[in-house]
Amino acid sequence: MGYLFDPDNWEWLVRSNNLRFLLEGFLVNVQIALIAMVFSLIFGLALALARLSRNKLLSFVAGAWVDVWRNLPLIFVILYMAIALPTSWREAYENAAPDFLPDVLRAGRVFAGLLALVLYNSAVLAEIMRAGINSLDRGQGEAAAALGLSYRQRMRIVILPQGLRRMLPATVSQLITLNKDTTLVSIIAIQEVVRHGRILTGFNFFGGVPAPLLQVFIVVGLMFVVTNLALSRLSRRLEIREQKRTGTTVEPVSGLEDQLATVRAR
Amino acid sequence: MSSWLELLTDNFGALASGFWVTLRLVGASFALAVVLGTTVAALRIAPSVWLQRLGGVYVETFRNVPLLVLLILSYSGLRRAGVPIDPWTAGIASLGLYTAAYVAEVLRSGVFAVGRGQIEAALSLGFDQAQTLRRIVLPQAFRTVISPLGSITIAMIKNSAIVGAALAIDDILKEARVIGARTFETDAAFFWAAIGYLLLTAAATVAFRQLERRYAIRR
């Protein structure tokens, strides 16, 4: 305890831009999380629709794909992508990466990390979306069919808007998990907050005094706690708003990630 | 494909030992998570506001911090601070503490699913607070949360790979990396490791489904 609260061990916080260095690393995490989330949502929706498709083969393939990727450890996928992704793919990414991205995110190995994050999270999100769509009353689809809407129209006008809105809180929860998971790309040498923390606490840091490891990573942890608490507040408020608007309650979905919940009609 | 099979037969011992290490890591952390999670859930529903807050702070902290940061804190952090902790202790403690937050949340929801009338009935029959919790509420709470506990266990199996990678424990992932680096057959090595992980998660899914069928209370 004495070690933990010793002012000398907290002095690094105000020394030479250390805190700013950590925050810059954290910003990279947030950016990776946002990019991965956008692509995961798109592919997740496609996978969910494929799994719900009336074509048996397509539904089976999508189901198997989703079940495999969401049951593998994310860090396993990240490492595999980093080792096995062809160099040509990485180079293609380096050439195609838009200019507005910071330099850290334009390196080829970032593509491996993003690909792994998207593969894993799109599978999880597909499962969330499927639960949301399935939670709708059957009558909704039947009524839409009776009104003469085609399959595409039913999905686009009736089913998806309701199903996806119900899944909003769970999607925000998954964003929290994704935000935590971005620290895993540090293992393939992407310069984000964990790497920055390691640099601050390394013994060869600009020939200076290394910052104490315990304290630095407590600060890193606090950054995540603050961001994720804000996100879960948001998720909670969306949940309550949805409850007021539609009179539905929240129930956990079995077989999904830890904190996921879905809304089921009462 | 035949070379892939050959890789499996040649390295079966290493992969099996990695499998066993992962299993032990998950088993020990699960035990810790359930015990600690139950304690924290009890805090969150305790009659004192301060105890409730304490439980709340625990859950919000450990649920929102990345597991990797916990691992760095509990291993490198404590070592730098002069505490000689070994990778296994740090790994089990981190994974257990992290998962306990989820277990506590799930159990709390299970406790709230037990009707108020039952608690009032128990209290009026002369059970004290602790007895009511232990004999009436918790047994039922556990039975309503079997399915979410299964999800948590599967998440734990996956998270054990993070523990292995961060603390250099020889789990499935580590063995796959070593075999891949030695034989240059990364695809095959990772393929068999993936099968190992999928076997574990599938086994957990089936086991919890069985438990659910036998014990779950439908609400």
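How many helices and how many strands are there in chain B?

1. **Fold of chain B.** This is a predicted model. Chain B holds ten helices and zero strands. Read from the N terminus, the elements go α-α-α-α-α-α-α-α-α-α. The C-alpha trace of chain B spans about 70 × 45 × 20 Å along its principal axes.

2. **Confidence.** The average pLDDT of chain B is 90. A score of at least 70 is reached by 99% of the residues of chain B. For the model, ipTM is 0.88 and pTM is 0.88.

3. **Packing in chain B.** Chain B has 219 residues, and 47% of them count as buried. Take the contacts in chain B between residues at least 6 apart in sequence. Of these, 76% join residues at least 24 apart.

4. **Where the chains touch.** Contacts link 35 residues of chain B with 35 residues of chain A. On chain B, at least two residues each come from helix 3 (49–64), helix 4 (67–80), helix 8 (146–167), helix 9 (172–183) and helix 10 (186–215). Which helix gives the largest share of this side of chain B? Helix 8 does, with ten residues. By type, the side of chain B that touches chain A divides into 21 nonpolar, nine polar and five charged residues.

5. **The nonpolar core.** The largest nonpolar core counts 131 residues. Residues of chain A and of chain B are among those with the most contacts inside it: F76(A), V77(A), I78(A), L71(B) and A193(B). Helix 6 (residues 108–134) of chain A gives the largest share of this core, 17 residues. As a general point, nonpolar side chains tend to be buried together in soluble globular proteins.

6. Which residues does A193(B) contact, beyond its neighbours within four places in sequence? One is in chain A: F76(A).

7. **L47(A).** This leucine is found in helix 2 (residues 18–52) of chain A. Is L47(A) buried or exposed? L47(A) counts as buried because 23 C-beta neighbours lie inside 10 Å, and the cut-off for buried is 20 or more. Neighbours within four places in sequence aside, L47(A) contacts A62(A), W65(A), V66(A), S122(A), A123(A) and A126(A). W12(A) is another matter: 35 residues apart from L47(A) along the chain, with 47 Å between their C-alpha atoms.

8. **A189(A), a backbone point to check by eye.** A189(A) is not a glycine, yet its phi is positive, about 65 degrees. A189(A) sits in the loop between helix 9 (168–181) and helix 10 (193–201) of chain A. A189(A) counts as exposed because it has 11 C-beta neighbours inside 10 Å, and the cut-off for exposed is 12 or fewer.

9. **F184(B), a further positive phi.** What is the phi of F184(B)? It is positive, about 60 degrees, although F184(B) is not a glycine. F184(B) lies in the loop between helix 9 and helix 10 of chain B. With 9 other C-beta atoms within 10 Å, F184(B) is exposed.

Technical notes
Residues are numbered from 1 along each chain as its sequence is written. Chains are lettered from A and ligands numbered from 1 in the order in which they are written. This is a predicted model: local features need pLDDT of at least 70, side-chain atom pairs count only at pLDDT 80 or more; totals for chains, interfaces and linings use all residues. Two residues are in contact if their C-beta atoms, placed from the backbone, lie within 7 Å. Helices (H or I, at least four residues) and strands (E, at least two) are DSSP runs, numbered from the N terminus. Ala, Val, Leu, Ile, Met, Phe, Trp, Tyr, Cys and Pro count as nonpolar, Asp, Glu, Lys and Arg as charged, and the others, Gly among them, as polar. pLDDT is the predictor's confidence in each residue, from 0 to 100. A nonpolar core is a set of buried Ala, Val, Leu, Ile, Met, Phe, Trp, Tyr and Cys residues joined through C-beta atoms within 7 Å.
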